[in-house]
Structures are given as structure tokens and as C-alpha cells.
Amino acid sequence: MEPHTNALTPSLVGRAVYSAVRECGCTLRSDCLDATQRAYDAALAADPGSREASVLRDIVHNAEIGRNEHLPICQDTGSVWVCLELGEQNALPANVFAEVDQAVAAAYVDGRMRMSIVKDALFDRANTNANTPAFTEVRIVPGRECRLHVMLKGGGSDNASRLVMLPPSAGAEGIKRELVACVREKAANACPPLLIGVGVGATFDKVAGLAKRALLRPVGSPAHDEAHAAFERELLDAANATGIGPGALGGAVTALAVHLETAPCHIAALPLAINMGCCAMRSVTIELIDANGDVLHDPAAQTWQHIHQ
């Protein structure tokens, strides 16, 4: 089938990234806010004077201030991850990400957000003073739809993540042991309550992507099937049984959810990646092109104009 003609352009992607970054910086994802509110209600009912209830109340209050006052909800405004899911029937401009770094830099200046990216991880750790480059990728998916995922990822939560190549004999129990060990060792520095993405399968370089994409799934959304759902519940129970709790001050809710993504892998391997998402979980998904191949309404057009002036 011939690629469908559409108006997917670097400018459209850049405008969408600018809009998403501005929203992400000040807005706790609604599904995570709802889950945090439910956890607060439960903690309040169990013990109104508990530290767990106090921390959860502050997280909800902080989210309200960020949304209402258009202020960053965390001082660590993160690195920017941009994932373009492109329907296979669309044409992909060779320079589709050409305006992304410009959009990110403008969004961080306009949003008064901290710049956190250094020029080189090893030999030149000078700040780029633009929070760029953004970290970008393209995924080809069936159909004509095109959507953009943007995530702001703080350093503390990524530092608490883990990738390990297990032997196949480790199985589900080995994965659970690694997750509990990771939570016990690292969760306190990742600002719980957490959203935990777990990737299992693929290869060394791809399994981390599975774990990161697992964080995009809304809390409370259904898993792929009952086997995935049951293992997610088992992992969540194990994480919460650590008692680390909100703010690492103790309590029943160390994690709001565990989301699992799996893939095929080599017969000799069991790749595992655990990607922590902190209590300030910030991601936005923007639908750019619908199933008919038509560009959807672009709400970022006005906010983007000043960048080209």
C-alpha cells in the first residue's frame, strides 16, 4: 500500500512538543493524581495523623498548586523523552525531529523550568543551558494514526532504575526478587509513591524501552491479558509489602501501580528492566493524525508563533 499523504511536518511535531512540555512541567498526570488521592483517602481513614496521610496530602496539594498557578510540580524538571508512534501508512519526513530541540528550549525558558542536561556524560559535564538535546525515537505501528508521547523524567527516578540479564531459569520468581531488591535499595531516592514500569524480553538494548513505555499506560487501565494482570498485582503487592511508603517515611503505599510489558527473546536470555516513575509522573500523549490520515486540531499553533519571530 502506498503511504498516505498527510501533513506530518517538523513544525507540527515541534509545536506539539512545546505544548506537551509546558503541560507536563506543571501537571501531575490525572491518572496518577486520582490514584494518589485514593491512597490519601485510605490513609486518612486508617489514621488521620499518620505520616503517610500527611505526605500524600502534600503531594495532592502540590499538584493542585502546580496546575492552578502554572508552576513546575518538581524542582527537577527532568530530561525530555519524545516518542513518535507513526502509522505505517504515513510518510515520515527525514527531518521530523528538526524543531524538537528548539521547542524544548523555548518551553523550558517560558515555563521557568530548570535546565538539567550536560553536554557529555563523561568528558564535558557543562550544562547545555537549554535542557537539550531531547531524547527521541520513532516507532512504526499499524494503520494511519500518528501520536506523540512526551515524558519529563527526573534524575532521581531514572537513577533508581535497573537493567539485568537474568538466566531463563530465574522465571517469574526471579523477576519478583529483582523488583523487590530494587525497591528496597532505591525507592527511597525515587520519591515514592512510585509508578513502576517493568520490561521483560527483547534484547539488552530494547528491554529498557519496554519498561519506559510501560509508564505511559494509565494507572487502572487493563493489562494485555489476565496473566499480565495477575503478575502486575503480585509485583505491586511485593513492592508495597516493603513498607517504605510515601516519601520513604513508612506506609502501605510505596507504589501506586506496576505496569508490565513483555516481548519475545532469545532462548538463552531473560532480559529485565525496571524503570521507576516518581510521585511527580509527567507525560502527555498527543494524537497528531487520525485513522483517516487527517491532521487533528493543533492547539499549540498560537503558543508556538513567538518562537519563529
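User: Which strands are included in what covers the buried residues of α7?
Analyst: In this predicted model, helix α7 spans residues 207–214, and its buried residues are Val207, Leu210, Ala211, Lys212 and Ala214. Buried means under 20% relative accessible area, exposed means over 50% and partly exposed lies in between, with a 1.4 Å probe and protein chains only. Helices (H or I, at least four residues) and strands (E, at least two) are DSSP runs numbered from the N terminus. What covers these residues, by contact (heavy atoms within 4.5 Å), includes β1 (79–87), β5 (146–153), β6 (162–166), β7 (194–202), β8 (255–265) and β9 (270–277).

User: What kind of model is this?
Analyst: Residues are numbered from 1 along each chain as its sequence is written, and side-chain values use heavy atoms, with hydrogens and water left out. Local features need pLDDT of at least 70, side-chain atom pairs count only at pLDDT 80 or more, and totals for chains, interfaces and linings use all residues, the model being predicted.

User: At roughly what angle do the axes of α6 and α8 cross?
Analyst: Axes are lines fitted to C-alpha atoms, for helices over the stretch in contact, and angles run from 0 to 180 degrees between N-to-C directions. The axes of α6 (residues 171–186) and α8 (residues 226–240) come within 9 Å. Their crossing angle is roughly 35°.

User: Is the crossing of α6 and α8 left-handed or right-handed?
Analyst: A crossing is left-handed if the near helix is turned anticlockwise from the far one by less than a right angle, and right-handed if clockwise. For α6 and α8, the crossing is right-handed.

User: How many nonpolar residues are in the contact of α6 with α8?
Analyst: Helix α6 brings Ala172, Glu173, Ile175, Lys176, Leu179, Val180 and Val183, while α8 brings Phe231, Glu234, Leu235, Ala238 and Ala239. Ala, Val, Leu, Ile, Met, Phe, Trp, Tyr, Cys and Pro count as nonpolar, Asp, Glu, Lys and Arg as charged, and the others, Gly among them, as polar. By class, the contact has three charged residues, no polar ones, and for nonpolar residues the count is nine.

User: Is Tyr108 buried or exposed?
Analyst: Tyr108 lies in helix α4. Not counting residues up to four places away in sequence, Tyr108 touches Val21, Thr77, Gly78, Val80, Met113, Arg114, Met115, Asn131 and Leu152. Because its relative accessible area is 1%, Tyr108 is buried.

User: Where does Gly78 lie?
Analyst: Beyond its neighbours within four places in sequence, Gly78 is in contact with Tyr108, Ser116, Asn131, Lys153 and Gly154. Gly78 has 2% relative accessibility, so it counts as buried. Its place is the loop between α3 (51–69) and β1.

User: How many disulfides does a search of the whole structure find?
Analyst: A disulfide is a pair of cysteine sulfur atoms within 2.5 Å. For Cys26, the nearest cysteine sulfur is that of Cys24, 9.7 Å away. For Cys182, the nearest is that of Cys278, at 14 Å. The number of disulfides found is zero.

User: Which residue is joined to Pro133 by a cis peptide bond?
Analyst: Pro133 is in the loop between β3 (124–127) and β4 (135–141). The bond has an omega of about 10°, and the residue joined to Pro133 is Thr132.

User: What is the phi of Asn129?
Analyst: Asn129 also sits in the loop between β3 and β4. Its relative accessibility is 59%, so Asn129 counts as exposed. Although Asn129 is not a glycine, its phi is positive, at about 60°.
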